[in-house]
Amino acid sequence: MPVLKIETLGAEVLRRRAEEVPAPGPELDRLVQDMFETMYDARGIGLAAPQVGLGMRLIVVDVDEEGAGKLALIDPRIVESGGGTERVEEGCLSIPGVTGSVDRPATCVVEGLDTQGNPVRIDADGMMARCLQHEIDHLDGVLFIDRLSPIKRSMLVKKYRKLSKP
Ligand SMILES: [Zn+2]
């Protein structure tokens, strides 16, 4: 199984809304396996299809918390959020080397389909809630740096550009 290329800041696919809802089947199963492998290889806890260059509404996460193992979701949507706002340090495999503190709701309920096409509903808190919100943002072309103040964002982008220069 190949490790896929991860698109980085500046790639147009990261800024586009993902439109395609992938259909269950062997092709999707293979893609999901490749996405997990790519995520583990990069030591991430979540990966969205646009990050591997695909305009699909598909995410994989593995926050490795008790009871919350591997999860792949088709067309995930946040249907509820709450628990107040939490500020947590986030990074992104598409913006390697930089992190920033992002405010997000502490809990969320996500609905979508599993890879067999069955409806699923996830009541998430902690790292799982954080990770799901970050990955679902990717499906709408939103990156965590968009949720920072303009000053903080431009500092991070500058730092990233410096780090990623050959
Ligand atoms: Zn990300």
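**A residue in strand β3**

Author: Glu 80 has its place in strand β3, which covers residues 68–91. Helices (H or I, at least four residues) and strands (E, at least two) are here DSSP runs, numbered from the N terminus. The model is a predicted one, in which local features need pLDDT of at least 70 and side-chain atom pairs count only at pLDDT 80 or more, while totals for chains, interfaces and linings use all residues. Residues are numbered from 1 along each chain as its sequence is written.

Is Glu 80 buried or exposed? Glu 80 is exposed, because 12 other C-beta atoms lie within 10 Å. By the rule used, a residue is buried with 20 or more other C-beta atoms within 10 Å of its own, exposed with 12 or fewer, and partly exposed in between, the C-beta atoms being placed from the backbone. Apart from neighbours within four places in sequence, Glu 80 is in contact with Cys 108 and Val 109; contact requires that the C-beta atoms of two residues, placed from the backbone, lie within 7 Å. Ile 95, by contrast, is 15 residues from Glu 80 in sequence and 28 Å away in space, C-alpha to C-alpha.

Strand β4 (residues 99–113) pairs with strand β5 (residues 119–124) in the antiparallel sense, over six bridges. Pairing requires at least two bridges found by DSSP between the strands. Leu 113 stands opposite Pro 119 of β5. Five residues lie between the strands of this hairpin, and Gly 117 takes a positive phi near 95° there.

As a whole, the protein has three helices and five strands, which follow one another in the pattern α-β-β-β-β-β-α-α. Of its 166 residues, 33% are buried.

The largest nonpolar core has 36 residues, and Met 35, Leu 47, Ile 59, Val 60, Val 61 and Leu 132 have the most contacts inside it. At least two residues of this core come from each of α1 (26–41), β1 (46–48), β2 (58–65), β3, β4 and α2 (126–139), and α2 gives the largest share, six residues. Such a core is a set of buried Ala, Val, Leu, Ile, Met, Phe, Trp, Tyr and Cys residues joined through C-beta atoms within 7 Å. Val 61 has contacts beyond its neighbours within four places in sequence, with Ile 45, Gly 46, Leu 71, Cys 131, Leu 132 and Glu 135.
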